[in-house]
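The following exercises concern side-chain packing. Work through each task before reading its solution.

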Amino acid sequence: MNIIKEFSRFAHSYQELNSIQNSVVTELVSMLRDKFYRRVLDIGSGSGAVYIELKRQNIHFNRFTALDLSRDMLRLHPNSDNISKLY
């Protein structure tokens, strides 16, 4: 549970500090073959790097589920009608 507290504690500055994660997410999303998926599940979604990159690369989906152990990180995740956030 300490790691959850750490993510929550630094949630407000996480976007500034996660440049390596963003590079990895960009590379992984670029490996997707299709431009449409019915459902996407992002485990450990944090502030929404995968969601943001999918949108940036024009990859569409019907439903996006953001799952994270930190409520504070989920609060940073983008909101939309087709996003479900699970704590």
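Contact means heavy atoms within 4.5 Å. The model is predicted: local features need pLDDT of at least 70, side-chain atom pairs count only at pLDDT 80 or more, and totals for chains, interfaces and linings use all residues. Residues are numbered from 1 along each chain as its sequence is written, and side-chain values use heavy atoms, with hydrogens and water left out.

**Exercise 1.** Determine which residues valine 40 touches, not counting residues up to four places away in sequence.

*Solution.* Valine 40 touches Leu54, Phe61, Arg63, Phe64 and Thr65.

**Exercise 2.** Identify the residues in contact with serine 84, leaving aside neighbours within four places in sequence.

*Solution.* Step 1: locate serine 84, which is found in strand E3 (residues 83-86); strands (E, at least two residues) and helices (H or I, at least four) are DSSP runs, numbered from the N terminus. Step 2: list the partners, namely Arg63, Phe64, Thr65 and Ala66. Step 3: check a distance; the C-alpha atoms of serine 84 and arginine 63 are separated by 7.7 Å.

**Exercise 3.** Classify the ring pair of tyrosine 51 and phenylalanine 64.

*Solution.* Step 1: rings of Phe, Tyr and Trp (its six-membered ring) pair if their centres lie within 6.5 Å; planes under 30 degrees apart are stacked, over 60 edge-to-face, and the rest tilted. Step 2: with 5.3 Å centre to centre and 75° between the planes, this pair is edge-to-face. Step 3: tyrosine 51 lies in helix H4 and phenylalanine 64 in strand E2, so the pair ties together parts 13 residues apart in sequence.
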